[in-house]
Amino acid sequence: MHLVILIACSFMTGLAGNAGLAAAMNTTAKSFPETSRGTITGLVLSGFGLSAFFFATIASIAFPGDTSALLFVLGLGTTMPMLLGLMIVRQIPLPPPSTTLGIEGGVQGREEYQPIPSGDAALFMSGNDGSHTSLLDPTEHLHEASNYHVSEPSTAVELVPDRIVSRRSSIRSTSRAKLVHDGPNVYGKQLWLTPDFHLVFIIMSLLSGTGLMYINNVGSISQALYAKGNPNYDELEASRWQAAQVSTLSVCNFAGRILIGLIADLMRIRLRLPRAYCFCIVSTLFVVSQLSAINVNDVAHLWKATALLGLAYGSLFGIAPTIVIDWFGLSHLSENWGFVSLSPLVGGNIFSLMFGHNLDSHNSNNDTGTHSSLSLTRRGGLPSDHQCFDGRNCYVSSLYVTATACLIALGLSVWAGIRDQRKTEEAKREVIWDADE
């Protein structure tokens, strides 16, 4: 019965956390312009990364070692902000889009008019058949004058048809401008049939799975490193090393979400590159973090790998929502992000099960006598004989697998950036071609 209650509470916790994240992200993305979307979204989502450090600090100061009190504070601390946001947070409508095309090199989506000359020059206009018609004649359709402009405003008497932008091209350009401003609108079944969705899903699965495996098992990693060659094992000291890893992860997760938002907007506005290239930065951080963790032999140096992993993990979840908006549109952001956020379910479970199996296999070796000389009595009271105490050998095989997975994600990220850039250039050429007709 207790197990069922625990599963139900865990399910509700995950449901509430993701619902709060989706609500905050959706409201933020729809209340700020596209030029600052990455920065603002990353800034808001950074609070999710800092929360672990915030509550862990409160717990360590107010009631150290009291798990029940920590859970009570977590329940209140996560519920009250949601209720407060429900009452005061509202979406701020963006100003109406300009008809000017949002793609560099395009043309304006409205007609440009030259000044109408005064005096006698305003009395006549030239029709398509060469005849002259008085502008003051009430029997004529005066609205047709909008298709004309003065070719020589100083001395011209006749008005010639506008050769720059016709009414038909103006309508097409305005429609195209609206499409450029609003972006794509992919959702539902169409989303699952889009290659871009499968691409971002695979990248997210590989990277988030690596991050979750490390985050969920960093306690075991620090314990294995601390116990290696340490006959005077102190459980309290081991707990402090574990808490240090959690705090480092949380702070760097917070920083990663803010930094990647700034980088994404800089890349989009200043360098004219798609934000999808930020996946390359994130994947590189993951690769470096795994290589760093592989080479750590002392728990005192584990914080370096933990900090890199925290930056990478925060950056991943800071940039992913913005890329989902760029690729699939803003109208169905919550729905699309809900599908994309299923990716950690795949990667996280696979890599975590692999890590646990690897750890258990080394525990079996310990039980068969590999380290029989280091009995529990001699080691000063290690917490359990089911824990591996062989240092990095307990888990390093799993890190080799995740490092390979991150290299694959890096290759896919490069492809995603190139693919997005090509699509942007093709859309730009199409807009210019349509406007020139």
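Let me begin with the chain as a whole: among contacts in the protein between residues at least 6 apart in sequence, where contact means heavy atoms within 4.5 Å, 76% join residues at least 24 apart. This is a predicted model, in which local features need pLDDT of at least 70 and side-chain atom pairs count only at pLDDT 80 or more, while totals for chains, interfaces and linings use all residues. Residues are numbered from 1 along each chain as its sequence is written, and side-chain values use heavy atoms, with hydrogens and water left out.

The secondary structure comes to twelve helices and four strands, taken as DSSP runs (helices H or I, at least four residues; strands E, at least two) and numbered from the N terminus. Of the 437 residues, 39% count as buried, that is, under 20% relative accessible area with a 1.4 Å probe, protein chains only.

Now to one pair of helices. The axes of α2 (residues 37-62) and α9 (residues 302-328) come within 9 Å and cross at roughly 135 degrees, the axes being lines fitted to C-alpha atoms over the stretch in contact, with angles from 0 to 180 degrees between N-to-C directions. That makes α2 oblique to α9, oblique being whatever is left after under 35 degrees (roughly parallel), over 145 (roughly antiparallel) and 65 to 115 (roughly perpendicular). On the α2 side R37, G38, T41 and L45 take part, and they meet F317, P321, T322, I325 and D326 of α9.

Finally, S46 also lies in helix α2, and at 3% relative accessibility S46 counts as buried. S46 touches F254, R257 and I258, leaving aside residues up to four places away in sequence.

Methods
Buried means under 20% relative accessible area, exposed over 50%, partly exposed in between (1.4 Å probe, protein chains only).
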